[in-house]
Amino acid sequence: MRWEIKKVYLCKIIIFFYTGTSLCIDITVPKSPVIVKHGTNAVLTCNYRSSIAIGDLFNIDWSFRSKGKGPAARNIIIAYYAGGKIYKFGSQADKIKFLQDPPTSGVASIEIDSAQPSDTGIYLCEVTNTPDVSGGAPGYINLTVLVPPSVPQCKVNGYTYIGNDVQLTCSSSEGTPAPTYTWTWDLSGTNKLLPPGAVEQADKNSGSLLLKNLSQEFTGKYNCLAANDLGEAKCTVSITPTFSGVMAGVVVGALIGCLLFLALVGGILFYIFYYRKKHPKAPNVGNEIRQDAAAPGISLHKNSSAEDQPLHTPVERQHSSSTVNSKFNILV
């Protein structure tokens, strides 16, 4: 840019040294960037001055280079004036118009209707008027179209398992100047500060938020607000920490074990306090009476010779004995 300005003055010095007149064209453009709001018209001012009258070889060229493509990117011709006619090209053809038609009175300015984010970039205005030897250095105009943030997209990177770390991201596809991002915690419909001690980093420029060591206390909605000078937009993401598959299996297993243990204890208590009460045990009364036991005073022992003889009561035995004795006495 500086070299091009110096080249104009060098051109004037050389031509003036040989001819005594200046045959270079002066081009004037705004020094400050042109900034307009989205949807409004943008005027790119380019004025010129030539040392000779406008002739048939007078030309005006406008070219454009998008921002972000680097200084080596090729400029694209979007409009020019030559031979008394105006020509327009590209996606901006229907939006561009010269403020002067024809632009032969020192004004080469153009206007872009309803400027969009895609119109942001560097515009070059170049004027030649042969026999002006080299023409003037191109005029560079930096156009910025301000755009409010588009609705951002919220994402959760990572698994929301208890004990894990997860990163929340928030990004708007559009927004000039670049929006800043702010996270808030929506708990029961009320925006609050983020959980204390849980945030490792909160980058307002990138929209990232890191939540460490998740627990049930992190449950709720997290709101991301994207904002710049023209407006703001919001997105929301919900976080509900849960147990992982392995931990869930352990918890379920422990729960089942507890239920089985409680069932066992309940069964024992039922047996003790209910079943035993309804079915008491029969009392133990003395000795059991055997069917083959003899009455008191009667012996069950028999002589082998008298096995088939009936048993005699004590009275019968006494009677038999007296009979024998009486017989014995008579014999004597």
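**Strand β13 and the cores**

Colleague: Which residues make up the covered face of strand β13, and which the uncovered one?

Modeller: In β13, residues 166-171, the covered face consists of Val 166, Leu 168 and Cys 170, while Gln 167, Thr 169 and Ser 171 form the uncovered face. Strands here are DSSP runs of E with at least two residues, helices are runs of H or I with at least four residues, and both are numbered from the N terminus. This is a predicted model, in which local features need pLDDT of at least 70 and side-chain atom pairs count only at pLDDT 80 or more, while totals for chains, interfaces and linings use all residues. Residues are numbered from 1 along each chain as its sequence is written, and side-chain values use heavy atoms, with hydrogens and water left out.

Colleague: How many bridges join β12 to β13?

Modeller: Strand β12, residues 153-157, is joined to β13 by 5 bridges, and the two run antiparallel. Pairing takes at least two DSSP bridges between two strands. Cys 154 has Cys 170 of β13 as its bridge partner.

Colleague: And how many between β13 and β17?

Modeller: There are 3 bridges between β13 and β17, residues 208-211, again antiparallel. Val 166 has its bridge partner in β17, namely Leu 211.

Colleague: What is Asn 213 in contact with, leaving aside neighbours within four places in sequence?

Modeller: Gly 163, Asn 164, Asp 165 and Phe 218, where contact means heavy atoms within 4.5 Å. Asn 213 sits in the loop between β17 and β18, the latter being residues 220-228. The C-alpha atoms of Asn 213 and Tyr 161 are 9.0 Å apart, although 52 residues separate the two in sequence.

Colleague: Changing topic: is Tyr 48 buried or exposed?

Modeller: Tyr 48 is buried, because its relative accessible area is 8%. Buried means under 20%, exposed over 50%, and partly exposed in between, with a 1.4 Å probe and protein chains only. Tyr 48 belongs to strand β4, residues 47-49.

Colleague: What does the side chain of Tyr 48 reach?

Modeller: The backbone oxygen of Pro 103, at 2.8 Å. A polar contact is a pair of N or O atoms within 3.5 Å; within protein, one must be able to donate a hydrogen and the other to accept it, and residues adjacent in sequence count only if both atoms are side-chain atoms.

Colleague: How many residues has the largest nonpolar core?

Modeller: It has 29 residues, and Tyr 48 is among those with the most contacts inside it, along with Leu 44, Ile 60, Trp 62, Tyr 123, Val 127 and Leu 143. Such a core is a set of buried Ala, Val, Leu, Ile, Met, Phe, Trp, Tyr and Cys residues joined through side-chain atoms within 4.5 Å. Strand β5 supplies the largest share of this core, 4 residues. Apart from this core lies another, of 18 residues, including Tyr 181, Phe 218, Tyr 222 and Cys 235.

Colleague: Which strands form the open sheet, in what order?

Modeller: The order is β3-β9-β8, 3 strands with antiparallel pairing. β3 and β8 stand at the edges with a single partner strand each, so one side of each has no neighbour in the sheet. Between β3 and β9 there are 3 bridges, and Val 43 stands opposite Glu 111 in β9.

Colleague: Overall, how many helices and strands are in the protein?

Modeller: There are 3 helices and 19 strands. Of its 332 residues, 29% count as buried.
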